[in-house]
Amino acid sequence: MKRYIDFYLTSMKIAILEQIQYRAQNYFYLVGVVVEPTIYLVVWSTIANQQGGSVGGYTAGGLAAYYIVWTLVRQMNVVFTPYGWENRIQHGRLSMELMRPMHPIHTDVSYFAGWKMVMIVFWFPLAAILTLIFKPTLNPTWLQIIVFFIAIWGAYLVRTMIFAVLGLITLWTTRVSAIFELSFALEMVLSGRFVPMTLMPAWVQHIAYYLPFQWTFYFPINALVGQPTPNQLFTGLGMQLFWILIGLGLVNLIWHFGIRRFSSVGN
Amino acid sequence: MKIIKLAWSYLRIGIANELQYRVNFFIQLLQSFIALGTGLIGLWLVFTQTTQLGGWSQPELLAVMGIYMVMGGVIQSAIQPNMQRLMDEIQDGSLDFALTKPVDGQILVSIREFRFWQLTDVVVGLVVLVIAVVQLQEKIGVWQALAFMVALLLGGIMIYSFWLMLTTTAFWLIRIWELVNLFQGLYAAGRWPVTIYPQWLRLGLTFIVPVAFAVTVPAEALTNRLTPLTLLGAFGLAILLMLLARFVWRLGVRSYSGASA
């Protein structure tokens, strides 16, 4: 256990030091991230105002809160991409990871956890600007705040598992970008990244409830900006745990059978 | 004349290169359809809640989306690949090879790459545009069609000039990979008519990042919204941006130190 803690702390520290070097680069990236929800926010608050103040239970201020918190949750959601796995497997870089006395997924989880620390610090000024411009209404209870802080890390793990499973498909086939793109599109629509799930038709919400995507995006955001009951909050955390465990099981299963097919390139 | 011949050769090489990888065509086509699908879902969601957005009806917004896809396809096939190559070459110094050729440097770096399969976006966008125009049930006169073409061309020129200026900053900043993402994020704002954005953003999308002229103005031409003054303004801005890009390029090349220096 201690060696894992040591590894995680060191790996996070390396990520932090690495990212602090590239401040301009990271700000370009963050501004790019902020543009996307700003577009959604403008479109939907226009509609809310056209309809006398609210749409799908969200006022313009509520939507502003949703999409500003969105930008933070988006940072928390950044994981090692399936394209990264593809690259690792096709170019044989996975061999290096295999030399370590632990599963490669620990490398990713710890590195991106450190990465997030830097991004959150860089994110604050942007969030402040957005807050001044769009005037969000946000008054969460203490319970909501606590659940939010747990849920963003839960979301991180759920999404790590989803994309590790997808990325590991590369062990069997090399043409994976079509599968990846399709799942990104599915996630876009069913996670709450596009719009709060309550703006979706009931049947879409129903489908989304039984898929992992909305627990990585809509649930953490809504935990903070919506009016969820304590019951809903704990159900959400439970659903996250459920998907993390399912994901862990799948990653291990695929790993077990897939890794035998891995033939390293070069060295 | 020499330049046109040169551009034609590069185009042929680009196409021949891409024709080697035919499976990529289907993957590109699938990606175009995915982009279309998410775009349509966005539109559909908006119109489950309302009948118009900032004065634009459903077929009108569909037309905007079609133009957005067409222009996006042109950017991805002809403009962006050139700029990405330029970025890499400035970084590792191999731009020497382009600058020592007996043609104008700016023109050469702008025509070297062409991604043929990316044109699937243009085709899919055109289909969307035709469907939208049919739904509009308005007669599109010769003048309107002409104004639309001119607006589209001017928009393309502006996007090119803007992209070139962005890329030229690599002469000073060296490492600017994230610019591609930043540009794509900003361009995505063109999916909706810029008139719905708050004023500060609208001004930014008009004069700093010319998304408004690339997508919204051509759409205005099709939907009877375009005033001659706007078109004239587009013309003026296109020329201004072209000259500015030329100036920045020259400035950049002067501070380029090359690979062996």
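In chain A, 81% of the contacts with a separation of 6 or more are between residues 24 or more positions apart. The model is predicted. Chain A holds eleven helices and two strands.

**Overall fold of chain A**

- Read from the N terminus, the order of elements in chain A is α-α-β-β-α-α-α-α-α-α-α-α-α.
- The C-alpha trace of chain A spans about 65 × 40 × 35 Å along its principal axes.
- A compact globule of 267 residues would have a radius of gyration near 18 Å, and the 19 Å of chain A agrees with this.
- Of the 267 residues in chain A, 40% are buried.

**Packing of α2(A) and α6(A)**

- Two packed helices are described by the angle between their axes and the distance between the axes.
- For α2(A) and α6(A), which covers residues 104-134, the angle is about 30 degrees and the axes are 11 Å apart.
- Angles under 35 degrees count as roughly parallel, so α2(A) is roughly parallel to α6(A).
- The crossing of α2(A) past α6(A) is right-handed.
- On the α2(A) side, the contact is made by A:Asn26, A:Tyr27, A:Leu30, A:Val34 and A:Leu41.
- On the α6(A) side, the contact is made by A:Phe122, A:Trp123, A:Leu126, A:Leu130 and A:Phe134.
- By class, this contact of α2(A) with α6(A) has nine nonpolar residues, one polar residue and no charged residues.

**Where chain A touches chain B**

- In chain A, 26 residues are in contact with 28 residues of chain B.
- Helices α2 (23-50) and α8 (177-190) of chain A each supply at least two residues of the side that touches chain B.
- The largest share of that side of chain A comes from α2(A), with 13 residues.
- By class, the side of chain A that touches chain B has 18 nonpolar, six polar and two charged residues.

**B:Arg225**

- In chain B, the loop between α11 (211-222) and α12 (228-254) contains B:Arg225.
- B:Arg225 has 16 other C-beta atoms within 10 Å; a residue is buried at 20 or more and exposed at 12 or fewer, so B:Arg225 is partly exposed.
- B:Arg225 and B:Phe47 are 178 residues apart along the chain, and their C-alpha atoms are separated by 21 Å.

Notes:
Residues numbered from 1 in each chain as written. Chains lettered and ligands numbered in written order. Predicted model: local features only at pLDDT ≥ 70, side-chain atom pairs only at ≥ 80, totals over all residues. Helix = DSSP H or I, 4+ residues; strand = E, 2+ residues; numbered from the N terminus. Rg over C-alpha atoms; globule rule 2.2 N^0.38 Å. Contact = placed C-beta atoms within 7 Å. Nonpolar A, V, L, I, M, F, W, Y, C, P; charged D, E, K, R; others polar. Axes fitted to C-alpha atoms, helices over the stretch in contact; angles between N-to-C directions. Parallel < 35°, antiparallel > 145°, perpendicular 65-115°, else oblique. Left-handed = near helix turned anticlockwise from the far one by under 90°.
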